[in-house]
Every structure is written in C-alpha cells, then in structure tokens.
Amino acid sequence: MKKAGEQLIRIISSVINDDFKLDINSDFNFKKIIKLAKFHSVESLLYQGIINNNIKVDNDILKDLEKINLKYIYKEVTQEEEKNLISLKLEENKIKHIFLKGCVIKYLYPSVHLRSMADLDILVEEKYLKTISQIMKSIGYTVENTGGNHDVFYKNPFMNVEMHRNMIDEVYLYSKYYEDIWNKLKKQADKEYEYYLTDEDYYIYMMTHMAKHFSNGGTGIRSIVDEYIYLKHKEDKLDWDYIYREFEKLNLLEFSKNIKSLAYVWFKDKESNERFDLITEYILSSGTYGITTNSMIVKGFMDEDADKPLKNNKLKFLLTNMFPPYKQMKRLYPRVGKIWILLPFLWIIRLFKIVIFRRKRIKEVYKDINEVQMDDVNKVKQIHELSGIRIKGEEDEN
Amino acid sequence: MKIKEGYMLREIAGNFVVVPVGIASKEFNGVITLNSTGAFLWKELMNGLSITDLIDRLVATYEVEKEVAAKDVNNFVSILKGANLVE
C-alpha cells in the first residue's frame, strides 16, 4: 500500500499544483492505486491526474474511473442545487444557518467536483430542528434519523443532509471550544440568515474536525489535500498569531504544525522524515473517515498495560458497547433518555434493534475486536504521540 | 423547441456535462456528456429555437456546409427527443 500511496499522492499533487509533467513508468500498479483512491474518496483527483498527465492506463480501468468521475460531477451539481434550495427555505423561515466542511472548501479546488462530499453539513440552532424537519419534508426529504449530534435527511437519488446541533459532536472535548459559536460567526453580505466562519476560524475548525477523526478511527488522504489547498490559497493572508493562540486553547498546536508540515511533505516537496513516513502510512491505512479497528483501540484499549493480556479489556469493551453509559443513551434517545429509570428498558430495546437490523455489523465488530493485538494498540499510541494529539479526543462518558 | 426545465449544463475541465436537478432528476437518472458542438446546440436550445434557426446558428458559428449542419442538428434533436429532453 505504501508504494501505491506514494504514487497516488504524486498524481494528486500534479492536479492540485497544476503541474502536469509526471514521469510515469511501468512501476505504477493502477489497480492498487485505484483501490486506494476509492478507499479515500479521491477517484476524481486520480482521474484528472491520469487525463492531464496523459498517462497510459488500461482502457477498462480508464472507463471505470471516467464513470466514477461523472458520478462525482452529477453528485456535486445536485448537492449545489439542493444547498441553494435549503438555504432559500431557511432564509424564508428566518433560521440562522451555516454550511460546513466540503460545502466551503470545494470552491478552492481546481474544480468543485474534485472534492467529494458524502453529505451536506449544516449547523443550525437546536431550537429550530422541529421546524427544519417540516421544511425538509416540504422539499421532498425524508427524516432518516434524529437525535445525537445531527438530524439526518434523505432525498433521491443520493442527497444526504445533516443538520448539526454543534460544530463538533458534544461527546468530544473539542466541542466545548464551540459552545459560543453563534457569536463568532459572520453574516453573509447578501443574506439575512446565512453565516460563515472567518478564514482563520474556518482553518481552526478544519483542523479540529481533522483532529477529531485522527484521534479516533483515523483520517484519510482527502483531509491532507484539504489542508494543502486551504494553505495554498490562504496561508499568506491568515492571522497566524490568532490561529496559534486558539490551537493552544484546543491543545492542538503541535498536531496542527505536524499536519501543516505533512501537507508540504506530500504536495510541496518538503523533505520527509521517519515521523512523517509513519503518519503517512497510518493515514493511507485509515480511509476517508477512519477505520473501526482504530476507533475500537482508542475507545477501549489505549490505557492497556503492555504486560497484561488484552482479554479483560476486550470483554469490557463489548459490555460497554452493549450497555452504553447513561450519558450516551440520553443522546441516542433524546425524548425518553432523560428519565434514568428507563435506562434498562432502553438498553433492551437497543439490543433488540441491533440484533434484528444489524446482525452483520455485530459479527464484524466481534471479529474486529478479536483481531486487536497489542502491536496494533502500540502502533496507534505511537502515531498519536508522533502527531502531537495530546488528548484522547473523546470525553470519558462514565 | 426548447430544453425542458431542470437540466444544468456544466463545463468541467474542458468537458461539457448535463445534469438533471430537481424534478428533472426524477425523469432522467444519469448525466449526459457533450462535445463542444453539442454544448453549443444545447445552449441555443435552452432559449428555445426552431430546427431551421438552429441549423443557421451552427453554420454561422462553425462555418460548416448547410447540409452537414442540417444532418448534425437533426441527429442531435432526434436523440434529445428520444430521451424526452425537449418540449
């Protein structure tokens, strides 16, 4: 994977730096590169790189990529249209909102479709969520899920919209930093109820969001591309004193500097070292949003004593997942979860639902837990240490 | 003759793509790729135009023989009609 990863990064680099002089030799295994690109949702960047560098690849492979690229275009145009429609409806109903993540960064990419987006992320005030649910239904969406950090809406052919209560899920320590977010936001000049983050605050948010993923299941190639593209467009204009002060508050200063350097190692020919090689390897193995095994290790095994067997903690991890603590249950069942006496009853309902609807998932989780070895735990610990992630990222829920 | 409402023409990295949005996405699932001549005809048809006018515009813009232009326009329009994209 390492070799394919390095080659994929080189191809992506040519696209985002608009420099198409890649010397591709027979050493490039495009089957492996495409598999990795799919794992990281960067197929369009790969396709663009192949076309613009005039790289000769197998016709079937090229056709497959072309098809995926068209899907990304289709998705982006649809998402943009829906974004405008939703914004219009929220304006009409006088509901303050801000578009987050891909909705913002995609405009800095050489072409908007090159930044894939699984869903639209919108922050709104919690008190409006019921009204928003009605609005979304009125424009053809179904309510997929409510409660937790965001309500989820769906519309054919592939529109997922997440209406967030918080900038960062409140189970993570970073969420505290964003408690007073509405006072920090700026109003869009031509809108009454649409807001935006300043360039500095967007950068801080992007890094915080990345840290949340990195410190749990891991983060993918796309997040480092986002980082580089943002710096490429904004670095000289940003107030770095302010940014570094805020990163100090978030305990993310060292992590942010490492990620910035890593982006320059990948895309600006900055020299690498063992630290960046290991972080690169970890990111390449994590996929777009991280992997379950890493997430399990962080949630259940980071305090593991190297001299003791993992068995005890595996059982503890399973039991905690079967019977989540009260705080987590309150989030999963916001309406009735506040009545603590119902907790055993809610555990049974949840277990019942999981057994009925997510049987396959249970098997996967069980298999993943069984496969966790002390080496895996040590590897995650080492990567956290090297990257500068100083806190677990998730609040102790007990 | 006019392209139906709800189809967006986008130029992406030198290629032209038509994407259905809103109600149109319920009638047409997928994307249409066009070359530059196809994109030209599409743009003209978005405003509504007769076949004769379309042929004249193609001749004036691309300096092609009227016969060739007529053949291309008729082919293009029949594909659009077949896919129920014009009204």
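**Ground rules.** I number residues from 1 along each chain as its sequence is written, and letter chains from A in the order in which they are written. The model being predicted, local features need pLDDT of at least 70 and side-chain atom pairs pLDDT 80 or more, while totals for chains, interfaces and linings use all residues.

**Chain B.** I went through the elements and found four helices and three strands (DSSP runs: H or I of at least four residues for helices, E of at least two for strands, numbered from the N terminus). From the N terminus on, they run β-β-α-β-α-α-α. I then looked up the radius of gyration, taken over C-alpha atoms. Chain B comes out at 13 Å, close to the 12 Å from the globule rule for 87 residues, so it is as compact as a globular protein of that length. The rule is 2.2 Å times the number of residues to the power 0.38. I noted 18% of chain B's residues as buried (20 or more other C-beta atoms within 10 Å of a residue's own, C-beta atoms being placed from the backbone).

**Helix H3 of chain A.** I checked residues 43-52 next: eight of the ten are buried. Among them are A:Leu45, A:Leu46, A:Tyr47 and A:Ile50. The cover includes H1 (2-16), H2 (30-39) and H4 of chain A. Just after H3(A), I found A:Asn54 with a positive phi of about 55°.

Technical notes:
Buried ≥ 20, exposed ≤ 12 C-beta atoms within 10 Å, placed from the backbone. Contact = placed C-beta atoms within 7 Å.
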